[in-house]
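Here are my notes for your first look at this entry. Keep the viewer open and follow the points in order.

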Amino acid sequence: MNFIKKTFDKARPAFSEGGRLKSLRSVFEGFESFLLVSNATSRSGASIHDAIDSKRIMSMVVIALMPAMLFGMYNIGYQHYMAAGLQGGLMEMFAYGLLALLPKIVVSYVVGLGIEFVVAQYKHEEIQEGYLVTGLIVPLILPINCPLWMMAVAIAFAVIFAKEIFGGTGMNIFNVALVARAFLFFSYSSKMTGDDVWVAKESIMGLGKDLPDTFTCATPLAEVGSGDVTTSLNDMIVGLIPGSVGETSVVAIALGAVLLLWTGIASWKTMLSVFVGGGITAALFHAAGTSPLEWYEHLALGGFCFGAVFMATDPVTSARTEGGKYIYGLLIGVIAVLVRVLNPGYPEGMMLAILFMNLFAPLIDYCFVQRNISHRMKRAKANNR
Amino acid sequence: MIRRIKLKKGLDLRLQGQASLAASTLPAEGIYSVMPDDFNGFSPRPVVKEGDSVKAGEPLFVSKDCPELKVVSPVSGKVEGVVRGERRKLLSINVEADGQQEHKTFSTTATTADQIKALLLEAGLFAFIRQRPFDIVANPQDTPKGIFVTAFSKMPLAQDFSFALKGEEEHLQAGIKALAAIAKVSVGIAPEQEELLSPLLADADVYVISGPNPAGNVGVHINHIDPVNKGEVVWTLSAEEVVFIGRLMKHGKVDLTRTIAVAGAEVKQPAYVKTLIGAPISALLKDNLHREEHIRIINGNPLVGTKTSMDGHLSARATELTVIPEGDDRDEILGWIMPRLSDFSTNRSYFSWLQGRKKEYNLDARIKGGERHMIMSGEYDRYLPMDIYAGYLIKAILTADLDRMEALGIYEVAPEDFAVAEFADSSKLELQRIVRQGLDLLRKEG
């Protein structure tokens, strides 16, 4: 411990203003605050503080994403081995998935954190932790066959134009990971949707084998669009189906949801409302005969669970008033199913629903805050009469 | 008439070093110091110079804007120094106590509102009355819509007023009676004080207020009893300051003795001390500290008090003196992922929820995280039991949007109401400083 502190103390002059490496100050400070708890003490107001900070919050979300990520890795291998007709053990399939996904995670963090470091250096601020979460979510909501360079471009776009120009973590209007996905979805839609992107096709370091270019495999939601549902409910919940990397397993996402709700980092109001809104809408469509899927199948398939648990609950872009959270969540659920059922072009509606409601969250909050304001004004008038 | 208010929002935090219920008396010796900064919104003009002799109850400085508003000496003795800081700002007036404690005497015949106001002004006790909006020293020209007194505090390590009141019951009664002549008085008490206090408060409306910290804050009481609207003024006091008024009404002299809690994890024997305001901290803490380095001495409690030092003096407003570890000598590795079992957090990613509500924590003054933009939503509202959107109000202040601050209810709050929220804030914003800034800005511009 002393050793770490001494190392940092020794290196500090070089990174400070006027030092040799001053252009890396933000990186130095980022690593220092990552390893050592700053012993800066309070200068005004409360002399004592809660141990919670945004580093802890963001790392909890990252931990909550772990089950979905690990299962996603296994599923990448599983889908590949199935398609290739290979027999493989659990570890082998997992290893394949790990090798397929790891480069994406690395690239995502390198690009995103790189931009964060530069911005922090430029603005003379501390590194903000928000990207720790975004950087892991992005690879999990993309199809495995999305090329690395595309992802890198999308992340750069999203971090700069959806976050930094608004002022950084806490000031953005749209969920950054979803902006990256929407960027890809509309710019390179052939790599984001269709039947060609969901199963990894190459052999990696001797694992798996190369599949022919003509191999295709649709997600269950796309199959619904063309009329036939072949996936069992069991598969939908366990998640051994094609889809974006992290979104397939309801069980893995539920594990993350438990952690987020238990620590209070995600709002149960938002999360529950998304499911209620989506469930009711899907049940209505099913009853009307518009959708062949039962309401629970709608909730289990596609990005619904992942979006409801990890993205709708993003505290920065969701509604911030307690009452507003119900409306915000409910409408996300409703719109997601609406898009799925009524728009044949898009088999999945979760991304658009959340982005759309991100846009409306301030309006919902405005109504609640305004109610408080007019209540106060009325009271003042009544008293001064 | 007794009414009951139950509050749910807030947080009770227990810290090590609660003062045990035993009081000693600090003799009036050495240098006593009165600091204008304790009287917010007051621009001081000294009326004594070095070498002057003063009696207890004679003015040391007066308000530039309103010369009849005075702050008086707690002790009799010789003025030892008029201390000024940058740009000749008056920092304090120090009086060397002569140990005789001679008092200036006042008449005790005042009965009407104007007479009582004049007496309080003359005796320097008016300066202890604060007003909302702005949480500053009240303006004697105002007619308040009510006077609000709080008889308890839920802050960590706070003074237990029921104990401090021992032997002063008749003074509290007399003080309330005097205030009731000026305006309607409402007193907020804790449920466990009902038996002790309600017989003494016949001249006031009594509200029994239960709930976690900040349930003892007078601002919270006002918000639930009769909120402050634009254009209205209420006056606020703590119950011990009402006792000061009672002593004046009964005996015709100014006796600024408080029974303060000397508490905190760094204090060897935390207990109560009867002392005059402005007493030297070094005398209050003499031979009673575990160590002299890496500690933080706080005038008041750790949530709203201000940092002071061994050379400092007891603040005029402080009902407790607390000493906690500073924490600047602690090195912790990877704190963001460690279990940190001895630390307290409202968040369940730490384990304080496992350790029961009775556990006493030893918290130091570290912020334990970097300042960020407001990320989590509703964090402040959970610790502010008022009909106010705290996060939105803070944002309005940060953007200096006067109209919006007003619309969101800034007239109803004081910095101390945000103390618990500031403690729990994961974005580590200095909420009390921000609120004070907003109030000052609004007062200047409005």
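1. Start with two helices. α10(A) and α13(A) are roughly parallel to each other, because their angle falls under the 35 degrees cut-off. This is a predicted model, so read each value as computed from that prediction.

2. Now the numbers for this pair. Helix α10 of chain A covers residues 250–262, and helix α13 of chain A covers residues 304–311. They pack at an angle of about 15°. Their axes lie 10 Å apart. The crossing of α10(A) past α13(A) is left-handed.

3. Which residues meet? From α10(A) come V250(A), I253(A), G256(A), A257(A) and L260(A). From α13(A) come C305(A), F306(A), V309(A) and F310(A). The contact has 8 nonpolar residues, 1 polar residue and no charged ones.

4. Next, turn to where the chains touch. Chain B puts 64 residues into the contact, and chain A puts in 49. On the side of chain B, several elements give two or more residues each: β18 (295–299), β21 (332–333), α8 (390–398), α10 (419–424) and α11 (431–445). Which one gives the most? It is α10(B), with 4 residues.

5. Where chain B touches chain A, its residues divide into 25 nonpolar, 19 polar and 20 charged.

6. Finish with a strand pairing between the chains. Strand β1 of chain A, residues 36–37, pairs with β21(B). The sense is antiparallel, over 2 bridges. Look for L36(A): its bridge partner in β21(B) is I333(B).

Note on methods:
Residues are numbered from 1 along each chain as its sequence is written. Chains are lettered from A and ligands numbered from 1 in the order in which they are written. This is a predicted model: local features need pLDDT of at least 70, side-chain atom pairs count only at pLDDT 80 or more; totals for chains, interfaces and linings use all residues. Axes are lines fitted to C-alpha atoms, for helices over the stretch in contact, and angles run from 0 to 180 degrees between N-to-C directions. Angles under 35 degrees count as roughly parallel, over 145 as roughly antiparallel, 65 to 115 as roughly perpendicular and the rest as oblique. A crossing is left-handed if the near helix is turned anticlockwise from the far one by less than a right angle, and right-handed if clockwise. Two residues are in contact if their C-beta atoms, placed from the backbone, lie within 7 Å. Ala, Val, Leu, Ile, Met, Phe, Trp, Tyr, Cys and Pro count as nonpolar, Asp, Glu, Lys and Arg as charged, and the others, Gly among them, as polar. Two strands pair if DSSP finds at least two bridges between them.
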